[in-house]
Amino acid sequence: MLTLPAYEDKLIQSALTKILNAIYERDFLECSFGFRPNRGCHDALKLLDKIINKEHIKYVVDADIKGFFDNVEHGWMMKFIEHMIEDKNLKRLIASMLRAGIMEAGIKYDTPQGIMCTLVKTRN
């Protein structure tokens, strides 16, 4: 589903992206590329090519997380966030974004689970 956030929402999402990247980026492995700043699929392919051609590989596992973001449980997500974020206002903002719902043909639908992913590309 395509979501079209309002301009104000885009500003908030961009700021929140920068904050969350500053908090969580240090914990990701160097071999992780998905939706990370200054990393893309071409970087992942270069590393994969290097590993496959220089190391003894017995198998490759291909996994797809199709539907993952549509099924994230909000309570679980907030518990995960609380491990690294203490600020009550930031947690309240994230919780309100999770509960925001969607509007289709003028009808508002609740989002009791899932994350409406709007990718905000930021420059570092």
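Me: How many aromatic pairs does the structure hold?
Reply: The structure holds three aromatic pairs. Rings of Phe, Tyr and Trp (its six-membered ring) pair if their centres lie within 6.5 Å. This is a predicted model, where local features need pLDDT of at least 70, side-chain atom pairs count only at pLDDT 80 or more, and totals for chains, interfaces and linings use all residues. Residues are numbered from 1 along each chain as its sequence is written, and side-chain values use heavy atoms, with hydrogens and water left out.

Me: How do I read the geometry of a pair, say tyrosine 24 and phenylalanine 80?
Reply: Two values describe a pair of aromatic rings: the distance of the centres and the angle of the planes. Planes under 30 degrees apart count as stacked, over 60 as edge-to-face and the rest as tilted. The rings of tyrosine 24 and phenylalanine 80 have centres 5.8 Å apart and planes at 10°, so this pair is stacked. The pair links distant parts of the chain, 56 residues apart: tyrosine 24 is in helix α1 (residues 7-24) and phenylalanine 80 in helix α3 (residues 74-82). Helices here are DSSP runs (H or I, at least four residues), numbered from the N terminus.

Me: And which kind of pair do phenylalanine 68 and phenylalanine 69 make?
Reply: With ring centres 5.1 Å apart and planes at 80°, phenylalanine 68 and phenylalanine 69 are edge-to-face.

Me: Which residues form an aromatic cluster?
Reply: Tyr24, Trp76 and Phe80 form one.

Me: Is tyrosine 24 buried or exposed?
Reply: Buried means under 20% relative accessible area, exposed over 50%, and partly exposed in between (1.4 Å probe, protein chains only). Tyrosine 24 has 14%, so it is buried. Phenylalanine 80, at 42%, counts as partly exposed. Phenylalanine 68 is partly exposed too, at 40%, and so is phenylalanine 69, at 32%.

Me: What does tyrosine 24 touch, leaving out residues up to four places away in sequence?
Reply: Contact means heavy atoms within 4.5 Å. On that basis tyrosine 24 touches Phe80, Ile81, Met84 and Ile85. Take methionine 84: it is 60 residues from tyrosine 24 in sequence, with the two C-alpha atoms 8.2 Å apart.

Me: Where does the charged end of arginine 39 sit?
Reply: A charge sits over a ring if NZ of Lys or CZ of Arg is within 6 Å of the ring centre and within 35 degrees of the ring normal. Here the charged end of arginine 39 sits over the ring of phenylalanine 33, 5.1 Å from its centre.

Key: Helix = DSSP H or I, 4+ residues; strand = E, 2+ residues; numbered from the N terminus.
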